[in-house]
Amino acid sequence: MKKKRTYSKRSLREASQGYSFMAPTIFVLALFIIGPILYAFFLSFHKVQLLGTATYEFVGLSNFTNISDDSRALRALWNTFKYVIIVVPIQTLLALILAATLNAGLKGQSIFRIVYFLPTLTSSAVLTLIFMWMYNQNGLVNEILSIIGLPTYNWMGDPSVALIAIMIMNIWATAPFFMVIYLAALQDIPDSLYEAAELDGANAFKKFIYITVPNLRPVTSFVVIMGLIGTFQLFDQSFIFSGGSGGPDNSTLTVVLLIYQYAFKSLGTMGYAAAIAVMLSIVILVATLLQRKFSKEESLY
Amino acid sequence: MKKKLSVGKALLYGILVLYAVITLVPFIWAVSSSFKTLEEIVSGTINFIPKNFTFDNYKQIFLEQELFPRWLLNSLIIGVAGTSLNLLFNSMAGYALARLSFPGRKTLFIIILAVLMIPAQVTMIPNYLILRELGWLNSYQGMIVPAMINATFIFMMRQFFINFPKELEEAAEMDGLSRFGTFFKIVLPLAKPALAAQAIFVFMGFWNDFMRPLIILSDPSMFTLPLGLNTFKGQYISYWNYIMAASMVFTLPVLLLYGFFNRYFIKGISFTGGK
């Protein structure tokens, strides 16, 4: 009897210790993560007025149905989609090639690794400013292009190239981060596999295609998910690049920038912005789950 | 055969050097521009070594732009306070999830895993409204408190503590240390490598964050550096020499941090990645 009581006392004490260790986490989870997620769903069905005290008017699904009539929203969706489809494959491939090259056992690897890592450390605000400086009409990029005889562009002012300018910048900035992830995974591929392939007379390219790439499949799936999540959320760069407008001619308007504009820059559209944010989150979630499903099926073979 | 090998090697070196150049050129160009005079900047010639090397741009941003030192200070306060709280609370939560048994532990763990997948855009608007109700817009706590835990690093710390030898804690308990005493005196000091990796990433997260300050802070004297830099650009629209100097001041602390903790960076990335 006595024993049981001390036992439950002990477990009670441990439970209270557990909760006190978890208290800050539970507080933030409830107030700034779980609560807001529910709040976001609530907002997406309402028209929100923020003057003085906030007022909410229930509008049903109209925030969601309005998206298809909103030409700027469709433009933002299209820009974001284009951006994701082009940037994710290129940055993944570039990261893989760089990692494999760095892992080939050459001298000076660590120096190259440090150099490649620089963009990952630098903030998106600084990187965007540096690239805007280089993308100037008479800037470095155009000077170099004209020296090697290629056409020059009005990178920041021409709607047909502005998004491409951001794509180039972000592939340059993000690929090294994924390269580091690939590098870590490359070290885990057993040398014996390569040795066996060498005995069979495989050359470097064949070894890369038949050993490296298949063995990296789980990591590739991780890199693609991270890439998808990151690219869908493009904001900082297009905000700074266009001074918050998404211009020229809405060509750098992304979904997140549009959400920001509707939520904080125009009155009475906060609920609509919340609806777009909920939609975007669902898209990102579905993309993530689909990717997971595919990569699981792949690993069966 | 020998010859073919060296051709392959040359090709690999070629790729590495070419990409190193591609990576470095923007930085070198930015650094060099920050030491140039405005006349040299607008002349549009490509020279990486400034003709008239000058510190005036740096002097200008610190002396003439009164708010710049303030932005630097704000970024430091938010970054250091936010990182310290993250280190403490993430480890506490990770430890509790790994070691202590209490009702709801599994549920909490699943919620934390799920939170990893939630994009910040959903919570951005509600968080603004909540901070507004609390009167925390334009404040340090508005920037720090909502970000004082991080699901990724709670998860990471949990993995770390699961593999942590129990015997040490039991010995400490025998010696009469309380659970909190054991945690702060025995467990945390031994978790230094994990904490170092976490500190770097969390600090960089705060330091480089653009969207949250943009939404939460509207008073220029409360701005952090990325935000200040953005308004700075609007103000000195064609003074790229000033803008580049400010950018370099912003980047230097992170580069120093990286220089000191290089090995933890790579470790931390393979920690958050790979598995």
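How much area do chain B and chain A bury between them, and what share of it is on carbon and sulfur atoms? Chain B and chain A bury about 8300 Å², 80% of it on carbon and sulfur atoms; buried area is the accessible area (1.4 Å probe) that two parts lose on being put together, summed over both. This is a predicted model, in which local features need pLDDT of at least 70 and side-chain atom pairs count only at pLDDT 80 or more, while totals for chains, interfaces and linings use all residues. Residues are numbered from 1 along each chain as its sequence is written, chains are lettered from A and ligands numbered from 1 in the order in which they are written, and side-chain values use heavy atoms, with hydrogens and water left out.

**Interface of chain B and chain A**

- On the side of chain B that touches chain A, helix H1 (residues 2–34) of chain B gives the largest share, 17 residues; helices (H or I, at least four residues) are DSSP runs, numbered from the N terminus.
- That side of chain B divides into 69 nonpolar, 17 polar and six charged residues. Nonpolar covers Ala, Val, Leu, Ile, Met, Phe, Trp, Tyr, Cys and Pro, charged covers Asp, Glu, Lys and Arg, and the others, Gly among them, count as polar.
- Contact (heavy atoms within 4.5 Å) joins 92 residues of chain B to 94 residues of chain A.
- Between chain B and chain A there are zero salt bridges, a salt bridge being a side-chain nitrogen of Lys or Arg within 4 Å of a carboxyl oxygen of Asp or Glu.
- The interface has 11 residue pairs in polar contact, both at pLDDT 80 or more. A polar contact is a pair of N or O atoms within 3.5 Å; within protein, one must be able to donate a hydrogen and the other to accept it, and residues adjacent in sequence count only if both atoms are side-chain atoms.

**A:Gln237**

- A:Gln237 lies in helix H11 (residues 236–241) of chain A and is buried, with a relative accessible area of 14%. Buried means under 20% relative accessible area, exposed over 50%, and partly exposed in between (1.4 Å probe, protein chains only).
- The side chains of A:Gln237 and A:Asn170 make a polar contact (3.4 Å).
- Leaving out residues up to four places away in sequence, A:Gln237 touches residues including A:Ser124, A:Thr128 and A:Ile166.

**Loop between H11 and H12 of chain A**

- Most residues other than glycine have a negative phi, and most peptide bonds are trans.
- A:Pro248 is in the loop between H11 and helix H12 (255–265) of chain A, and the peptide bond from A:Gly247 to A:Pro248 is cis, with omega near 0°.
- A:Asp249, in this loop, has a positive phi near 50° and is exposed at 57% relative accessibility.
- A:Asn250, also in this loop, has a positive phi of about 60° and is partly exposed, at 22%.

Methods: Helices (H or I, at least four residues) and strands (E, at least two) are DSSP runs, numbered from the N terminus.
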